[in-house]
Amino acid sequence: MGLSESFFAQKFGISSTDLERYLAEALSRGGDYADLYFEYVSTSSLGLEESILKSATQGVTLGVGVRVITGERTGYAYSDDLGSEKIMQAARVAACISSGPASIVKTPLESTGKRDLYPILTSPNEASLMERVALVRRADECARSADPRVFQVQVSYADQLKHVLVAASDGTISFDRQPLARMNVSVLAREGEGVPQNGYHGGGGRVELSWFQKEHPPEYFAKEAVRQALVQLEAVDAPAGETTVVLGPGWPGILLHEAVGHGLEADFNRKGVSAFSNRIGQLVASPLCTIVDDGTIANRRGSLNVDDEGSPTQSNVLIENGILRGYLTDKLSAKVTGGKSTGSGRRESYQAIPMPRMTNTFMLAGESDPDEIVRSVKKGVYCTTFGGGQVDITSGNFVFSASESYLIEDGKITKPLRGATLIGNGPEAMRHVSMVGNDLKLDEGVGVCGKEGQSVPVGVGIPTIKIDKMTVGGTA
Amino acid sequence: MSANLEEMTSEVVKRALGLGASDAECTASEGAEFSVSVRKGEVEKLKEAGSKAIGLRVLIGQKQGSAYTSDLSKEGLEQMVKAAVELAHITSEDPHAGLPDPSELGKIDGDLGLFFEETALVPTDQKIDYAKRAEAAAMAADERIFNSEGAGFGSYAGQRVFANSRGFVGSYRSSTCSLSATPVAKLGEAMERDYWYSMARQFSRLESPEYIGKKAAGRALRRLGARKVDTQKAPIIFDTTVAGSLLDHIFEAASGDSIYRKSSFLVDKLGQTVASDKLTLVDDATLPATFGACPFDDEGVPSRRTSILEKGVLKNYLLNTYTARKLGMKTTGNASRGLCGAPSISHGNLLLEPGELTQEEIFKKVGRGLFVTELIGFGVNMVTGDYSRGAAGLWIEGGEPAFPVSEITIAGNLNQMLMDIAYVGNDLEFRGSVNSPTLVIGEMTISGQ
């Protein structure tokens, strides 16, 4: 696709002459690099509760961010008005980070490779509203009829379509159309007049509406949410202290996101403030662990054709057989450390400065049979579902909260446990991985990662793994 | 500018009625943000920009729809109004949906002191200088401070406008600025970082850059050499910087949304003793120049002071119009909304009444236990009250700090934790919209080694 066929050219009449003029203004006081990030997002969401469709919302946000980099300094400004004078003004503000003679913009702007990881004819956003209403109603009905102990059901469905255009003084120009959809079901169940317990499940990705109609119908999410709530009704207090932990496949990959991923983002490492700084080539995990961050998997929530700096995303090996291979870089950190961008420059919106971020982070499958992994544990905890997690990248300490877990006694999964937080130290916990299953699974598409106030969609994945020693924060 | 945006919201409301809405409310915000971060004495990032956006909620009878846009052109606004009205047609009749009664609308008289021109007028050079000085003070504090994640200055000045079809139009301006520093300390191979910050509506009320830098360095240094402790039950002392999170949990549990959904451990407990008699908690959005103050809530209802806990007894839920009607009560003026969707609930200033003891006296009284200075993770279940979070802090032995602790969790259940408050400190300070003195919980489970 050329600029002239792009969304921004068609809707707002933006031409390559305009882009070159804005970039020239951004570099009018010097600087090594400048870029423009145009964004137009249309969103829609539905909320159903007490079987009443209570809310329906649509929205539009648009704007452009202008960035100038000089040395390690970044100047940034944005405008929510795409008028030429407003963009020139933003470019002048961003330019103030530098002071010297003007730098040159490389022309002509050339489009970076063509790829389509989410080839969608009709994004959910463009499909009929009534079809989406039908989906949330189906989830509600299914959850309510699944079990008489269910007394409260909330269903939400949200989707968006984001058009982006990135143009940079290094000659890059890229366009993308990024759909994203997600359905959530949360339920409350109780036994008689007992304490209620909640269950939650959701999923989605860069997919068409048919994904929710065929592959992952609303009933799938509803039944899973109900199942989780019912499991919690039987739960006993989780143990307190160090124990062996087995993580089930899929969403528990959040461990990798917290324990490893953030610590390998290059902005922390070029500053030497991560527990993983200056450790490339060293053994930082059990040799059973190979961990990748891959932004190129079709239709995944964390995937992108190009990152938010116009660089194509890649499959990046972070840790190979336990040895640290590389960091996740954006253009700035690549320039400072003398490498190439790994396609990891992401931002929340046109109002935000890009940073190195993860896409889909997972561990490759190993050789062990998952049942054999559980059988090998005399006493421990088996976790299959998690809420959120957090990490202090400097000390390496991380937590994540198990929302569905079970006791393992003599090699058997026994009682369900109440929610508990697990805590560990990144490099140390990864050294304690003693078995890796052959059942790699990616999560179902609900991940949101926050860093310095910016949220972006991500994915995680993991096979069943055994960690010999971790601290479980229960009360028993 | 102010008049423009007020006119625009009123116009949008009128247009919505014209397209068939029976009621409508429109909110708009505009603001200018500035932020600079410095690292190792050099500017690292500098951002400056302004933005505007508008949101609309309409009702057709008791069906509602909403829309928002940052495209304030005539076409953009028209598209928004049409979308909201169209969406209202597809939603269900909700018997409790609706705007506040006209008699409930209004605003606090007089100037609440939320906006200070001086904050908007601080020259860029001075903001950069402040950040540089805070970082330099942190770096100079001790030779074990070997690196920095930088220091930052941020400021925001903006305006919020609200209009509805029952005759309310109102707006207010606000300003904030903040300064923070995040130094990194090292002992052998182990690194620890910590931070300190100050936030103010008025630039001249910020803590000095030197104080912030030095305090941040002290906080990073005292973490060096941190270790796990044994798994055990012990008293937990929440420092003022983390005690507020417990107030947040009480707020969330007492919010009308959680109550009518029965997703709160405080459901059906109005009038009952739910906490120690040492706890008296209010929500007060009327205190001038504070972070949680505003003249009216996001439905146009005047802000007020509401008692949540009085000597441990649950006195009130915090409500907006919808949740009040669901529960057969009156709104407490706690409606909150972004630009889109129906109002949710937020607090003004959450304030816990202070006790008599200083933090040192509390250490002495407790004798042996954990002093928590940081909490991480999200392990709090509001339905059951189950609580399990990552923690770091100092071990207290013989009534004094003995050594730093990290990589542990503390766990319990909020129902019991609130009943088990042993001491409340006298050190209440206004640092944000949630403010608590030091709090001690008699016993929780520590998971360590």
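**Where the chains meet**

Mentor: Strand 2 (residues 52-70) of chain A and strand 3 of chain B pair in the parallel sense, over 4 bridges; strands here are DSSP runs of E with at least two residues, helices are runs of H or I with at least four, both numbered from the N terminus, and two strands pair if DSSP finds at least two bridges between them. This is a predicted model, in which local features need pLDDT of at least 70 and side-chain atom pairs count only at pLDDT 80 or more, while totals for chains, interfaces and linings use all residues. Residues are numbered from 1 along each chain as its sequence is written, and chains are lettered from A and ligands numbered from 1 in the order in which they are written.

Trainee: Which residue stands opposite Ala67(B) there?
Mentor: That is Gln58(A), with Ala67(B) lying in strand 3 of chain B.

Trainee: And how many residues of chain B are in contact with chain A?
Mentor: In chain B 57 residues are in contact with 62 residues of chain A, where contact means that the C-beta atoms, placed from the backbone, lie within 7 Å. Strand 2 of chain B gives the largest share of chain B's side, 10 residues, and that side divides into 17 nonpolar, 24 polar and 16 charged residues.

Trainee: Changing topic, how is chain B divided?
Mentor: Chain B has domain 1 (2-221) and domain 2 (226-449), with bounds from an automatic or database domain assignment. Their centres, taken over C-alpha atoms, are separated by 24 Å, and 29 residues of domain 1 of chain B are in contact with 26 residues of domain 2 of chain B.

Trainee: What makes up domain 1's side of that contact?
Mentor: On the side of domain 1 of chain B that touches domain 2 of chain B there are 14 nonpolar, 10 polar and 5 charged residues, and the largest share, 4 residues, comes from strand 2 of chain B.

Trainee: How do helix 4 and helix 5 of chain B cross?
Mentor: The axes of helix 4 (residues 124-140) and helix 5 (residues 209-221) of chain B come within 7 Å and cross at roughly 40°; the axes are lines fitted to C-alpha atoms over the stretch in contact, with angles from 0 to 180 degrees between N-to-C directions. Their crossing is right-handed, the near helix being turned clockwise from the far one by less than a right angle. Their contact divides into 9 nonpolar, 1 polar and 4 charged residues.

Trainee: What about the hairpin of strand 5 and strand 6 in chain B?
Mentor: Strand 5 (residues 169-187) and strand 6 (residues 190-193) of chain B pair in the antiparallel sense over 4 bridges, with Leu187(B) bridged to Ala190(B). Between the strands are 2 residues, and Gly188(B) in the turn has a positive phi of about 65°.

Trainee: Last one: what is the strand order in chain B's open sheet of 5 strands?
Mentor: The order is 11-10-9-14-19, with mixed pairing. Strand 11 (313-314) and strand 19 (434-435) of chain B stand at the edges with a single partner strand each, so one side of each is left without a neighbour in the sheet. Strand 14 (residues 349-352) of chain B pairs with strand 19 of chain B in the parallel sense over 2 bridges, and Leu350(B) stands opposite Val434(B).

Notes. Contact = placed C-beta atoms within 7 Å. Nonpolar A, V, L, I, M, F, W, Y, C, P; charged D, E, K, R; others polar.
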